[in-house]
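Here is a short briefing on one protein model. Take a look at the structure first, then read the points below.

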Amino acid sequence: MNKWLLSIITILIPITIISFYKKETNFIMEQKQLEVKVIYNNEIINIPLEEYVIGVVAGEMPASFEEEALKAQAVAARTFYINKLEENNDYKINSTIKDQVYITQKEMQEKWREDYNYYYNKIKNAVYETKNQVIKYNGYPIKSFYYAKSNGYTESCLNVFNQDIEYLKIKETKWDKNNEDKKIISLSEFKEKLNIVDKEIVINNITKDESNRVSNITINNKIYSGIEIRKLLNLKSTDFDIKINEEVEIKTNGYGHGVGMSQYGANELAKNKYNYKEIISFYYEGTYIEEI
């Protein structure tokens, strides 16, 4: 055997071994898919990560939404869990709005009925086309908060969760602003919920932040935060206006805390040909997507 051929063989053998090793390692990693510990019906169940994400997307976003919006939701949902896992490697995630809503395939069948196969496969494709992808900032999985609808602006994480996070600031979302709702409750119910004993109801000193959401409001000389009023009166948003007549009329704009990604806003962007990476980049500014 000549020296030239021997040299080629000497080079190729290590490359072949390394290539085989990489394929074998990747195969092993695929077989050992991360399992999520989910608190479901007061029991802890283990669910493979991507199956869990399917259940969250099905529970959190309308299946009729655009595929790119579903992909953005899948990446946000996956990131939400991985962030929790980074903080506590034995984290058990709730299957309710305490964390993320997760539903089983049986619940999907009950929800979608004759459309089950179509919607299930649509969501499954969105999840697997983004498999293992998470959103990161400075090397760490982000707090990927999301909510239903905005009032034309996202909200600051500082104003809601008391955390000043660079990628969760107030941003204008003019395509997602006409989400108004009206709620009417009796004067007696209003007084009961706010523990008011006076005959008259006096509202003043309303302050709003840059997103037009109520920061503070004074009702009968007691100062409430907008978040407190939203919880006490079960409102859709902290962007609200209260009018007192024979009844209490409350108008709100938006649905949810307003921090991070608006799901309906993401769908509007998808309709306008934004892909899921562009949607994520807008709502979580300065972040990037990497595989776990």
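Which residue in strand 2 is the bridge partner of valine 36? It is isoleucine 47. Keep in mind that this is a predicted model.

- Strand 1 (residues 35-40) and strand 2 (residues 43-48) run antiparallel and are joined by six bridges.
- Besides the pair of valine 36 and isoleucine 47, valine 38 stands opposite isoleucine 45 in strand 2.
- The two strands form a hairpin, with two residues between them. Asparagine 41 sits in the turn and has a positive phi of about 50°.

**Sheet 8-9-10**

- A three-stranded open sheet has the order 8-9-10, with antiparallel pairing.
- Strand 8 (203-208) and strand 10 (222-225) are at the edges. Each has a single partner strand, so one side of each lacks a neighbour in the sheet.
- On average, neighbouring strands of this sheet are turned by 15° against each other, direction ignored.
- Four bridges pair strand 8 with strand 9 (residues 214-219) in the antiparallel sense. Threonine 207 stands opposite asparagine 216 in strand 9.
- Helix 8 (residues 226-233) packs on the sheet and touches strand 9 and strand 10. The direction of helix 8 makes about 85° with that of strand 10.

**Isoleucine 203**

- Isoleucine 203 belongs to strand 8.
- Its relative accessibility is 25%, so isoleucine 203 counts as partly exposed. The cut-off for buried is under 20%.
- Leaving out residues up to four places away in sequence, isoleucine 203 touches Ile217, Thr218, Ile219, Ile242 and Ile244.
- Isoleucine 203 and isoleucine 242 are 39 residues apart along the chain, and their C-alpha atoms are separated by 8.5 Å.

**Nonpolar cores**

- In soluble globular proteins, nonpolar side chains tend to be buried together.
- The largest nonpolar core here has 58 residues. Tyr52, Trp112, Ile123, Met261 and Tyr284 have the most contacts inside it.
- Elements giving two or more residues to this core include strand 1, helix 2 (49-60), helix 4 (105-112), helix 5 (116-128) and strand 4.
- Helix 3 gives the most to this core, with 11 residues.
- A second, separate core has 16 residues, among them Phe190, Ile196, Ile201 and Val214.

**Helix 10**

- Which residues of helix 10 (residues 276-283) are buried? They are Tyr276, Ile279, Ile280, Phe282 and Tyr283.
- These residues cover an arc of only 160° around the axis, which puts them on the same side of helix 10.
- An α-helix has 3.6 residues a turn, so residues three or four places apart point the same way.
- The buried residues of helix 10 pack against helix 3 (67-87), strand 4 (133-137), strand 13 (261-262), helix 9 (263-271) and strand 14 (288-291).
- Asparagine 275 caps the N-terminal end of helix 10. One of its side-chain oxygens lies 3.0 Å from the backbone nitrogen of lysine 277.

Definitions and conventions:
Residues numbered from 1 in each chain as written. Predicted model: local features only at pLDDT ≥ 70, side-chain atom pairs only at ≥ 80, totals over all residues. Heavy atoms only, no water. Buried < 20%, exposed > 50% of the residue type's maximum accessible area, 1.4 Å probe, protein only. Arc of directions from axis to C-beta. Contact = heavy atoms within 4.5 Å. Polar contact = N/O pair within 3.5 Å; in protein donor to acceptor, adjacent residues only side chain to side chain. Pairing = 2+ DSSP bridges. Axes fitted to C-alpha atoms, helices over the stretch in contact; angles between N-to-C directions. Core = buried A, V, L, I, M, F, W, Y, C linked by side-chain atoms within 4.5 Å.
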